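Here is a short report for a first look at this structure. Keep the sequence and the 3D view open while reading.

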Amino acid sequence: VFYYLGELNDSLSYALGAGPLFDVSEDSDYVHTLLSKAIDEYASLRSKAAESSAEVASVDPRLEAIVERMLDRCLMDGKYHQAMGIAIECRRLDKLEEAITSSDNVHLTLAYSINVSHSFVYRREYRQEVLRLLVKVYQQLPSPDYLSICQCLMFLDEPEGVANILEKLLRSETKEDALLAFQVAFDLVENEHQAFLLNVRDRLPPPKSLPSESEQPGSTDSAPAQNENSTPDVQMTDGSSASMTNIHDADPKEVVYAERLNKIKGILSGETSIQLTLQFLYSHNKSDLLILKTIKQSVEMRNSVCHTATIYANAIMHAGTTVDTFLRENLDWLSRATNWAKFSATAGLGVIHRGHLQQGRSLMAPYLPQGAAGGGGSPYSEGGALYALGLIHANHGEGIKQFLRDSLSNTNIEVIQHGACLGLGLAALGTADEEIYDDIKSVLYTDSAVAGEAAGISMGLLMVGTASEKASEMLAYAHETQHEKIIRGLALGIALTVYGREEEADTLIEQMTLDQDPILRYGGMYAIALAYRGTANNKAIRHLLHFAVSDVSDDVRRTAVLALGFVLYSEPEQTPRIVSLLSESYNPHVRYGAALAVGISCAGTGLSEAIALLEPLTSDVVDFVRQGALIAM
């Protein structure tokens, strides 16, 4: 009766009271409705209990019993995916494991659950628990799927486990296993997680040199200890000559291992795939120099903005292809650039030669600061060249880090410091290197606006995604300084530190979004955008929409709308719908934000709804809204 009155709560409590008399397997609307109600109820209680550490809400044992009966029935009927879904929702990892192990095709089920945990589990800590469980199940299989295990371990940030697996595969007798190890390494490189990859690389034990040692089984305890003393440089020399000499009398297994180890170190440092990319881009370069020529002729000479735009266009068209013919043919035209335009023109070379690790330094040599003699070049082009070196070595900066640090410490010209900071941040992306952090911090504390802005951003790049407590230090300094540029740089830097940390970033986001300084609130918007990137998390969206309509500063409102683009990029078809009202706002800044949000999240989709939203904005009354709409297009 209660069910028909729509009083589901009362109805549920009677059904629970009925105990075993309530038949789970009966196929009627009544049972279906009550079961879904029971599962929802149970799931929300379980997640509340997990989120607040104290056990506030005790779960009704009868409710638990019904959900368990339901799960068992799913397993009996062979509906494993449903059972896994319920188990993940209700945070019953024990049941999840049972569902996976008892299913007919364990590999498929595991792949399904990895997919689910990435797309539907909203809380990061819980997602990591699920992944840990999956790794455990994987390792109990007779033939584990190493590719997936290593992906999971990467999300869990456990380089130790990955290194052990790779070593096991490299030492194996069969060629297939070694190839599998290379494949795993390539897959990990695709995630571009520099600090993690270097960590794995340094944990791979070097080949044992003496035949006497090779009889012992490879003990893993001594491996990290050896690593701290032996630098990886020996094996990184031009071929494997150095490491071959000491093991000419070792057993053949170790020789093979040494050879494979060199290859895998090359892959993990990203050099192998970068070279392949370079060759590919060079041979498939379809850019049309005529277009550039026409742009250059039709643009007025004296207009510096258009001059710079032409240089940018050239850099983006040829990004990563190493083709700089246009610049070489128009050197005198190029030299018209002054000040910051000169900085950008030189940095543009870095975009064109991106990933050209071998010759990067020699290509930029004419522009770089000329040692202690106080080079003759303009500081702008020298600063730009240091930034270009960072772009060339972005995320693979081992070879160039030291040079950039020296350049940073040898100069007190703020423009050169600006370039060196940016370059250093890119080269050491996400490595959280303490010494580099201190170098950059000393630049920040000189309180020069130009250098400080770059220092703030590059601290963020250095600590990207580490959620380190350095952020509070940066926040404190942002409150002290008088320079808006430095505050803006720091605000972005703090936002970068929480990249991908989801709810772990909430306290910091709250601190920033409630700040009196609009520039820090603007940083807070970016913090939300980066922490929840691509999750389409409802809480984050609600937060951003709230700021988009209620903040007093135009800057913050524009950024809040723009940040929606980052949060939603995994579901591009949602974005035009969400920002469509904002794109008709009376405030031009909000309209601009809406255009860019669509541009960012729908990039490369060619969505017709997105174009329909942008088209009216290209004829907007305000000039920068038109600009935003065209960029987004």
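The sections below cover domains, a pocket, salt bridges and cysteines.

## Model and domains

This model is predicted. The protein is divided into three parts: domain 1 (289-392 + 406-419), domain 2 (430-532) and domain 3 (534-632). The centres of domain 1 and domain 3, taken over C-alpha atoms, lie 32 Å apart.

## The second largest pocket

The second largest pocket holds about 490 Å³ of space. Its lining has 21 residues. Nearest the centre of this pocket are E51, R91, F120, Y122 and R123.

Three helices each give at least two residues to the lining: α3 (29-51), α5 (80-89) and α34 (538-550). The largest share comes from α3, with five residues. By class, the lining has eight nonpolar, eight charged and five polar residues.

## Salt bridges

The count of salt bridges comes to 24. One of them joins the side chains of D72 and K95, at 3.4 Å from N to O. This pair links distant parts of the chain, with D72 in helix α4 (residues 61-77) and K95 in helix α6 (residues 93-102), 23 residues apart. D72 is partly exposed at 31% relative accessibility. K95 is buried, at 11%.

R132 and E158 form another salt bridge, with their closest N and O atoms 3.7 Å apart. R132 lies in helix α8 (residues 124-140), while E158 lies in the loop between α9 (146-156) and α10 (159-170), so the pair ties together parts 26 residues apart in sequence. R132 is partly exposed, with a relative accessible area of 42%. E158 is partly exposed too, at 30%.

E435 pairs with R405, and their closest N and O atoms are 3.1 Å apart. R405 counts as buried, at 16% relative accessibility. Elsewhere, E68, R92 and D94 are linked in a network of salt bridges.

## Cysteines

How many disulfides does a search of the whole structure find? The search finds zero. C90 is in no disulfide, and the nearest cysteine sulfur, that of C74, is 11 Å away.

Are C90 and C421 buried or exposed? C90 counts as buried, at 1% relative accessibility. C421 is buried as well, with a relative accessible area of 0%.

Conventions. Residues are numbered from 1 along each chain as its sequence is written. This is a predicted model: local features need pLDDT of at least 70, side-chain atom pairs count only at pLDDT 80 or more; totals for chains, interfaces and linings use all residues. Side-chain values use heavy atoms; hydrogens and water are left out. On a 1 Å grid over the protein atoms alone, a cavity is a set of points where a 1.4 Å probe fits but cannot get out, and a pocket is an open set with protein on both sides within 12 Å along at least five of seven lines; lining residues have an atom within 4 Å of a point. Grid points are joined across faces, edges and corners, and a volume is the space filled by probe spheres set on the points. Helices (H or I, at least four residues) and strands (E, at least two) are DSSP runs, numbered from the N terminus. Ala, Val, Leu, Ile, Met, Phe, Trp, Tyr, Cys and Pro count as nonpolar, Asp, Glu, Lys and Arg as charged, and the others, Gly among them, as polar. A disulfide is a pair of cysteine sulfur atoms within 2.5 Å. Buried means under 20% relative accessible area, exposed over 50%, partly exposed in between (1.4 Å probe, protein chains only). Domain bounds come from an automatic or database domain assignment. A salt bridge is a side-chain nitrogen of Lys or Arg within 4 Å of a carboxyl oxygen of Asp or Glu.
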